[in-house]
Amino acid sequence: MMAIFCGLHIDFLIFLLFFSILMFFLYRIFRFPRPTPHLVESFLKRGTLTRHSPIIIGHRGGGLEAPENTLAAFKLAKENGATGVEFDLDFTKDGIPVIIHDSTVDRTTDGTGKVCDFTYDEIRRLDASAKHPLRDRFPKERIPHLQEVIDLCLSLDLQMYIDVKAATQAVKAASILKEVFASHQLYNKAMVCSFYPNVTFQVRRADPNILTALTWEKKFISNFDYDGPPRYKQWWKQMLASVLDRIWELHLHSWVYDFLGVGVFLSHTAHLSREYVKKWQDKGVDVVLWTINHPAEKDYFTTVLKCPIMTDCVKEVQSRPHSN
């Protein structure tokens, strides 16, 4: 009996060794190539006055200075000195790519309902500045089409950080982005960002030359925001979500970023430190921080840590926090 047990034990160890070697080779074969440091640096620093100038990115175009994710916001961000703008991609009922952050239109427009329940013609009738404090200065802004934003950013020489929110439409997003990157040669002018690894995977599979970034904040699965309310009312669901948050954090920082071949990591500042930034830099990954609105924080992160920052107020002094 002991001999049989030892034999099975050895066979199991051999199986584990073989399986581990197989998984290692599959990982090495199928992982996506990472962009060169030169390509990432040239993208991030494009538009800066000097090599050491701070990199300021208008978060949603600068949502405290103009209605977020509108053409007016992107224009003002450029006027105020931004080198790039971040904006959010979603799809209408008829599959048209539009720029809006939330899955519904309620918070930012005079309409109600899910983005995916509107046709493009219907969503264009909404006023995207209706609920902004400065709506009188920016009357009747529209939810823009992706192509409108790309054309504007190219004309203004603004770098584009395209945040894909529609995780369930990752394949569609990847297909459309592949087309616009190729037709406009955006490879050194735009980057695709997402919280969702399936989006990054589909984008890299569609076109490995597209620069991508993973976005992350603690408690992303369990809370609506880092310091926001829990997503689930049932205690067991909330507890499970918290466990999944921890598991995702470990995998993201250990191998997911490498397998997807991302060159940039977008991090919330609530859990940031000099050591954390250095840890990513030692891995050959640049860190972009969001969302930095206080002037002292802007100065620290850009001059001391020398990190690109996303901000809701490119020029004006504000301190109100804003979620991604």
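Colleague: In this predicted model, which side chain meets that of E249 in a salt bridge at 3.0 Å, N to O?

Modeller: The 3.0 Å pairing of nitrogen and oxygen is formed between the side chains of E249 and K218. This pair links distant parts of the chain, since E249 belongs to helix α8 whereas K218 sits in the loop between β6 (212-216) and α8, 31 residues apart. The partner of E249 in this salt bridge is therefore, by the 4 Å cut-off between nitrogen and carboxyl oxygen, K218.

Colleague: Is E249 buried or exposed?

Modeller: The relative accessible area of E249 is 15%, and a residue counts as buried when that value is under 20%. K218, by contrast, is partly exposed, with a relative accessible area of 28%.

Colleague: How many residues apart in helix α8 are R246 and E249?

Modeller: R246 forms a salt bridge with E249, in which the closest N and O atoms are 3.3 Å apart, and R246 is partly exposed, with a relative accessible area of 46%. Both residues lie in helix α8, where about one helical turn separates them, because their spacing in residues is three.

Colleague: On which residue is the kink in helix α8 centred?

Modeller: Helix α8 covers residues 235-260 and has a kink of about 60°. Among the buried residues of α8 are W248, E249, L252 and H253, and just after the helix G261 takes a positive phi of about 70°. The kink itself is centred on L252.

Colleague: What is the relative accessible area of L22?

Modeller: L22 lies in helix α1 (residues 2-30) and belongs to a nonpolar surface patch that also includes F18, F25 and F30, with about 1100 Å² of accessible area for the whole patch together. Patch residues need over 30% relative accessible area, and L22 is partly exposed, its value being 38%.

Note on methods. Residues numbered from 1 in each chain as written. Predicted model: local features only at pLDDT ≥ 70, side-chain atom pairs only at ≥ 80, totals over all residues. Heavy atoms only, no water. Patch = residues over 30% accessible without salt bridge, like charges linked within 9 Å, V, L, I, M, F, W, Y side chains within 5 Å. Areas by Shrake-Rupley, 256 points an atom, 1.4 Å probe, with all protein chains shown as cover. Helix = DSSP H or I, 4+ residues; strand = E, 2+ residues; numbered from the N terminus. Buried < 20%, exposed > 50% of the residue type's maximum accessible area, 1.4 Å probe, protein only. Bend = angle between axes of the 7 residues up to and from the residue.
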